[in-house]
Amino acid sequence: MIGRIFIGRALRGFADGFIAVVLPAYLLALGLGVLEVGIISTATLLGSAFTTLAVGRWGHRFSIRRLMLGAALLMAATGLGFAGFAAFWPLLVVAAVGTLNPSSGDASVFMPLDHTMLATAPDRTAVFARYTFLGSMAGALGALASGLPDWGGIPLRGMFVIYAVVGCAVWLLYLGLPDPKAEEQRPSVPLGPSRDIVWKLAALFSIDSFAGGLVLNSLLALWLFERFGLSLSAAGAFFFWTGLLSAVSQLAAGPLARRIGMINTMVFTHIPSSLFLIGAALAPGAEFALGLLLARSLLSQMDVPARGAFVMTVVTPAERPAAASFTAVPRSLAAALSPTLTGGLFAAGAMAAPLVACGVLKIAYDLALFAAFRKQRAAS
């Protein structure tokens with residue numbers, strides 16, 4: 001079962017990796033402006049938030065396997081929708097109801113379902129680290145593949161067809177999943193004794209996600225296009241290396257969490273990465289900015305496996321699907337507010353402002369998280 005979850009995450013990570021870079025180039029090629037790119041990025045995150053909320057609120061009534069199969073079909077339909085439409089409003093609708101992910105992590109409805117399936121593993125942080133490692137490695141390869149329109153002759157529209165094909169492959173893969181709730185009695189309510197801690201975590205995670213939404217991969221690619229004139233293939237190569245560094249660093253999350261704790265792992269790696277981002281925003285040239293962004297990528301995602309494992313550890317097993325969803329939904333909603341703001345700032349010429357704001361807000365989140373949960377004990 002875990003093997004299929006890992007393979008599915010890798011396939012989706014590959015697709016997300018090239019879509020995050022191709023999306024702004026595709027929308028600009030269709031004649032849309034930077035503000036419209038931000039609005040469509042916002043719509044993708046809002047759609048993910050509402051579908052994830054539905055899973056958290058009503059998903060406990062259904063088979064997780066069935067929900068995952070439905071999400072895979074939605075992924076295929078999303079790719080075909082973007083390949084088939086060229087006008088702003090139809091694309092906005094598809095973005096709102098689909099699974100498109102303009103960020104560097106898994107921000108879709110798949111995430112809480114995957115986390116629930118993986119939560120039965122004894123060493124959760126290590127399993128979550130391998131899960132995010134595979135996703136990041138595949139995302140790095142996907143970012144490299146975003147150069148296909150430049151050097152492979154594939155049209156930008158064709159990349160969304162490939163995204164749909166990946167969705168079909170994920171659906172076939174999930175057909176072989178067992179139903180972990182087949183022999184269990186489904187809970188009558190999604191959240192019970194862990195409600196307070198879940199909402200506290202959700203509130204804090206939303207601050208981090210609002211900040212991250214200011215600099216989604218698609219928007220960072222747009223920043224590189226607009227500020228330094230990077231080509232699509234050059235941006236793809238850059239995101240390959242950032243994804244590779246993020247993936248490698250995540251393997252250290254498990255051992256580090258066992259040594260210093262999950263919260264310390266999340267906070268002490270996150271703050272330096274935010275400082276690197278602020279430095280990149282103020283860098284005088286492309287080489288310096290890209291170097292700082294690469295340094296940031298070496299630390300910025302180490303908190304992801306520790307965060308997922310921490311949520312799964314501090315709630316009861318019956319609450320895990322709801323906890324994963326209810327901590328993800330405010331994050332998606334908060335992140336959805338940011339891309340349109342970034343698009344507006346870019347359009348106004350304030351190119352550095354979103355990156356600086358992202359770094360400052362993330363540091364504030366880290367300090368608040370440390371103050372609230374530094375004494376919380378959870379097995380890694």
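**Helix packing in the predicted model**

The crossing of H15 and H16 is right-handed, where a crossing counts as right-handed if the near helix is turned clockwise from the far one by less than a right angle and as left-handed if anticlockwise. The structure is a predicted model, in which local features need pLDDT of at least 70 and side-chain atom pairs count only at pLDDT 80 or more, whereas totals for chains, interfaces and linings use all residues. Residues are numbered from 1 along each chain as its sequence is written, and side-chain values use heavy atoms, with hydrogens and water left out. Helices are DSSP runs (H or I, at least four residues), numbered from the N terminus.

The axes of H15 and H16 come within 9 Å and cross at roughly 135 degrees, axes being lines fitted to C-alpha atoms, for helices over the stretch in contact, with angles that run from 0 to 180 degrees between N-to-C directions. This angle makes H15 oblique to H16, given that angles under 35 degrees count as roughly parallel, over 145 as roughly antiparallel, 65 to 115 as roughly perpendicular and the rest as oblique. On the H15 side, Arg307, Val311 and Met312 meet Arg320, Ala323, Ala324, Thr327 and Arg331 of H16, contact being defined by heavy atoms within 4.5 Å. The residues of this contact between H15 and H16 divide into four nonpolar, one polar and three charged; in this classification Ala, Val, Leu, Ile, Met, Phe, Trp, Tyr, Cys and Pro count as nonpolar, Asp, Glu, Lys and Arg as charged, and the others, Gly among them, as polar.

The crossing of H9 and H15 is left-handed. In this pair, Leu201, Phe205 and Asp208 of H9 meet Arg307, Phe310 and Val311 of H15, a contact that comprises four nonpolar, no polar and two charged residues.

Asn217, which is found in H10, counts as buried because its relative accessibility is 17%. Asn217 and Leu244 are 27 residues apart in sequence, with their C-alpha atoms 14 Å apart in space. After H10 comes Gly229, whose phi is positive, near 70 degrees.

A further helix pair is formed by H6 and H11 (residues 232–250), which pack at an angle of about 170 degrees with their axes 7 Å apart. That angle makes H6 roughly antiparallel to H11, and the crossing of the two is left-handed. Among the residues of H6 in this contact are Phe133, Met137 and Leu141, and among those of H11 are Phe239, Phe240 and Leu244. By class, the contact of H6 with H11 has 13 nonpolar, six polar and no charged residues.

The loop between H5 (110–118) and H6 (124–145) contains Thr120, which counts as exposed because its relative accessibility is 58%. Apart from its neighbours within four places in sequence, Thr120 is in contact with Met1 and Arg320. Thr120 and Pro317 are 197 residues apart in sequence, yet 8.4 Å apart in space, C-alpha to C-alpha. Phe88, by contrast, is found in helix H4 (residues 88–97) and counts as buried at 17% relative accessibility. With its neighbours within four places in sequence left aside, Phe88 is in contact with Leu32, Glu36, Ile39 and Ile40.

Definitions and conventions. Buried means under 20% relative accessible area, exposed over 50%, partly exposed in between (1.4 Å probe, protein chains only).
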